[in-house]
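These notes are for a reader opening the structure for the first time. They go through the ligand site, then the pockets, then the cavities.

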Amino acid sequence: MKEYSSDRASSFTESVIRDMTRVCLRHQGVNLAQGFPDFPAPAEIKEAAIRAISADFNQYAITWGTPALRKAITDKFTWYNGVSYDPEKEVTVCCGSTEAMIASLMAIVNPGEEVIVFEPFYENYGPDTILCGARPRFITLHEPDWHFDPQELSRAFTNNTKAIILNTPNNPTGKVFSYEELKFIADLCMKWGVIAVTDEIYEHILYDGAKHISLASLPGMRDQTITINSISKTYSLTGWRVGWAIAAAHLTASIRKVHDFLTVGSPHPLQEAAATALQMDRRYYPALAEEYRERRDFLMPVLEEAGFRIYRPNGAYYIMTDVGHFGFPDDVKFAFHLVEKVGVATVPGSSFYSKPSLGSTKIRFCFPKKLETLRKAAERLKAFKG
Ligand SMILES: Cc1ncc(COP(=O)(O)O)c(C=O)c1O
């Protein structure tokens with residue numbers, strides 16, 4: 001009997017985060033598992049999409065993205081991150097940053113080469129490295145401030161290292177990498193000729209004066225960084241699937257080839273509307289961060305009162321917690337208890353670690369939700385007897 005699941009597909013599991021959303025629906029829970037907003041996206045962007053469909057932007061766009069969107073991407077990147085790129089040769093529009101990440105890794109990494117990944121990590125990075133045949137090399141982010149050990153990181157770089165994946169602001173920890181940390185990473189990348197693939201999807205969601213620094217803006221890193229982003233989080237449009245990779249022309253040439261054969265392109269009318277999003281009044285961004293601060297500051301004390309040990313996030317929209325003291329056998333059992341008995345869906349910590357045991361006392365909450373939704377979760381959590 002032939003085995004029809006490939007070795008690659010068999011070597012990772014279905015997404016735990018997306019699975020939790022399905023379990024949550026079954027139990028009519030409050031979904032604090034999957035990071036998507038339950039509030040409306042900005043009206044002007046939705047109207048731009050409707051106009052684009054009516055104006056018949058309904059066929060394939062140029063494979064690597066509409067000219068208007070690529071220009072809006074580079075203009076905004078220059079404004080916010082201080083680095084200029086050529087929209088003609090240095091941008092690839094993809095189906096979300098999810099595709100931008102896998103297309104970038106497939107474009108630069110050969111089977112057997114190593115990719116450094118900070119752990120805990122956004123769960124897609126594990127399968128991403130497997131799908132491109134890479135050997136992931138995990139570097140621990142240490143609690144409570146999620147710092148890395150410079151010695152450990154230095155030792156991980158070898159001649160066989162092709163890339164390092166960085167995510168700042170970080171999911172699931174809420175860490176925002178400092179200039180000193182980024183400089184340390186940048187110096188290692190330059191010393192070893194390693195490409196940094198940085199996922200900056202939460203770049204505008206920052207708290208308590210934290211500042212986002214793009215790795216590409218560090219001296220020497222413009223041509224050694226692939227910066228990934230999308231409209232999903234900044235404009236509350238996770239379902240549109242519009243993201244991009246910004247990189248020097250020789251890297252972009254490879255990314256564009258992989259992207260073309262993976263998906264051909266991101267939805268054309270939504271790319272037109274995304275260009276409108278990226279040109280919105282700049283006051284939009286601090287207002288977005290302020291709304292998230294309010295949600296974070298609502299949820300943190302709720303969790304503490306329910307007995308969770310929390311890690312205060314400086315960015316992104318997640319709260320990582322420690323639940324070891326509740327005495328459950330592991331994080332998965334705990335998460336199922338919460339969704340089935342309390343009615344609140346979360347993500348078991350093990351889905352952010354290479355070895356489940358490393359995350360077995362952790363649970364992640366997300367808060368891109370209306371205050372009314374968070375209040376409903378708070379009511380339910382009051383009933384939780386840890
Ligand atoms: C760090 C990170 N990168 C990428 C994604 C997925 O982004 P997109 O919707 O652009 O594919 C997420 C979604 O939660 C995320 O947290």
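This is a predicted model: local features need pLDDT of at least 70, side-chain atom pairs count only at pLDDT 80 or more; totals for chains, interfaces and linings use all residues.

1. Residues are numbered from 1 along each chain as its sequence is written, and side-chain values use heavy atoms, with hydrogens and water left out.

2. The ligand is surrounded by 15 residues. Thr98, Asp199, Tyr202, Ser232 and Arg241 are the closest. By class, this shell holds 5 nonpolar, 7 polar and 3 charged residues; here Ala, Val, Leu, Ile, Met, Phe, Trp, Tyr, Cys and Pro count as nonpolar, Asp, Glu, Lys and Arg as charged, and the others, Gly among them, as polar. Helix α5 (residues 96-108) gives the most to the shell, with 3 residues. Helices (H or I, at least four residues) and strands (E, at least two) are DSSP runs, numbered from the N terminus.

3. Which side chains make polar contacts (pairs of N or O atoms within 3.5 Å) with the ligand? In the side chain of Thr98, an N or O atom is 2.5 Å from an oxygen atom of the ligand. For Asn171, a polar side-chain atom lies 2.7 Å from a ligand oxygen, and for Lys233 the distance from a polar side-chain atom to an oxygen of the ligand is 2.7 Å. On its own the ligand has 400 Å² of accessible area (Shrake-Rupley method, 1.4 Å probe), and the protein covers 93% of this.

4. The ligand sits in the second largest pocket, meaning that more than half of its atoms lie within 2 Å of the pocket's grid points. On a 1 Å grid over the protein atoms alone, a pocket is an open set of points with protein on both sides within 12 Å along at least five of seven lines, whereas a cavity is a set where a 1.4 Å probe fits but cannot get out; lining residues have an atom within 4 Å of a point.

5. The second largest pocket holds about 420 Å³ of space. Its lining has 24 residues, and Arg18, Thr98, Tyr122, Lys233 and Arg241 are the closest to its centre. The largest share of this lining, 3 residues, comes from α5. By class the lining has 8 nonpolar, 10 polar and 6 charged residues.

6. About 580 Å³ of space lies in the largest pocket. Among its 24 lining residues, Phe12, Thr13, Glu123, Gly126 and Pro127 lie nearest its centre. Two or more lining residues come from each of α2 (16-26), α5 and α6 (125-131), with α6 giving the most, 5 residues.

7. How many cavities of 30 Å³ or more does a search of the whole structure find? There are 2.

8. Phe118, Pro120 and Tyr125 are among the residues that line it. Strand β5 (residues 161-167) gives the most to this lining, with 3 residues.

Key:
A residue is near a molecule or strand if one of its heavy atoms lies within 4 Å of it. A polar contact is a pair of N or O atoms within 3.5 Å; within protein, one must be able to donate a hydrogen and the other to accept it, and residues adjacent in sequence count only if both atoms are side-chain atoms. Grid points are joined across faces, edges and corners, and a volume is the space filled by probe spheres set on the points.
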